[in-house]
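Q: I would like to learn how to read the features of a structure. Can we go through one together?

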Amino acid sequence: MTSARKMPELLAPAGNMASLRAALHFGADAVYGGMREYGLRAFAGNFGAEELREAVPLCHAAGKKFYVTLNVFPFEDQMDGFVAAARLAKDCGVDAAIVSDLGAIVTLREQVPELPLHVSTQASTVNAAAVRHYQALGCSRVILAREVSLERMRLMAENAPGMELETFVHGAACMAYSGRCLLSAAMTGRSGNQGACAQPCRWQYAVMEQKRPGEYLPVSEDEHGTYIFSAKDLNLMPLLPELVAAGVASLKIEGRMKTEYYVATVVGAYRRALDLLAEGENAFWEALPALMDELACASHRDSDTGFALGAPSQPGGAEGFHQSREYVAQAVEDSMPGQPARFVLKNRFHAGDSLELMTPGGIIPVTAVPFLREKTGETLDTLGVAGELIRMPLNCRVRTGDLLRGPVRNHRT
């Protein structure tokens, strides 16, 4: 029975403190985030030394874990700084460092032996022999290559007992093998393996015939354009029972460049899914359509199941991002039903709008009413100034960190 099996860890992205707080509030068991250097998301907000010293105790106080991404492939002249960053992370109390490079793993085991290591998906681990090798080097977890199918995950878990396996379940996917792409480095000088990917796979391309220079021939896909390299997003929500049965220890959500609204939406949906699955598969299957609708409320591309069931779908992306709900405000104080709840505004909404309050326990429908603008003391039906504090009574309890969302006005549906 699935309900008798231990549920895997739900691991959420944290590109900054706002996303970290959203991940914790909406039910993540652990978060992963980068320092200002040596991680593969250089353009996320990331965590400086002081922020890391704040973030790690915040996670531990909630009974959660913080893993730091040190998954660049460091060149020889970068190794001293890389080791210094790992020592800082260890001193801040992180629960593990995510590392890609074999030399980096060996060096950290020698020079920072107290720091637990997780092997990044960038290492392209696709068999149990490699898992056992990393185990012998002192690593405690391997994040599997994205090319590993569900059946192969199960076999690897059986053939590498005592080693934790982690896999991505949701978010953007790279068209290159395990994300090890050289396209950005070749075209822009920004290396994805150094955390600076320009995402040229998402650009639009045409074909030029050698003897007809300057004549660009589009490769037709649809009315929006052609995106022959752009992988679809990953969504393994319908496969959670099989993932649990396969013995995977941690389910990872991609998105360190995403907003706190995205993190809250996706983490909340997967949290509810895993909790339902712990009760029994029937509860999960009954809720699955609503959970899939919930995932569509955050900005996303069209999705598929990646390599979990075989080959992924044909490249996509011409459709761009779309979402069915828009983030409008975040609660900054607790309040009881009927009391004016205090929010910081993110996007415009109007009195009379049908809104939804996102809470760790689920989604609560509410109706917007005229609200108080704290800055001026006036009562308004709408306001379009992000960052302003407002007070609006709702017919339900509101807790700090809950989010309000409403009709889409600024994004594609």
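A: Start with two terms: helices (H or I, at least four residues) and strands (E, at least two) are DSSP runs, numbered from the N terminus, and two strands pair if DSSP finds at least two bridges between them. This is a predicted model, in which local features need pLDDT of at least 70, side-chain atom pairs count only at pLDDT 80 or more, and totals for chains, interfaces and linings use all residues. Residues are numbered from 1 along each chain as its sequence is written, and side-chain values use heavy atoms, with hydrogens and water left out.

Q: In what order do the eight strands of the open sheet run?

A: The order is β16-β15-β20-β13-β14-β19-β17-β18, with antiparallel pairing. β16 (362–367) and β18 (379–380) are the edge strands; each has a single partner strand, so one side of each lacks a neighbour in the sheet.

Q: How many bridges join β13 and β20?

A: Four bridges link β13 (residues 326–331) to β20 (residues 403–406), in the antiparallel sense. Within this pair, A329 stands opposite L404 in β20.

Q: Which helix packs on the sheet?

A: Contact means heavy atoms within 4.5 Å. Helix α9 (residues 260–279) touches β13, β15 (354–359), β16 and β20. For directions, axes are lines fitted to C-alpha atoms, for helices over the stretch in contact, and angles run from 0 to 180 degrees between N-to-C directions. The direction of α9 makes about 100° with that of β20.

Q: Is S124 buried or exposed?

A: Buried means under 20% relative accessible area, exposed over 50%, partly exposed in between (1.4 Å probe, protein chains only). S124 has 13% relative accessibility, so S124 counts as buried.
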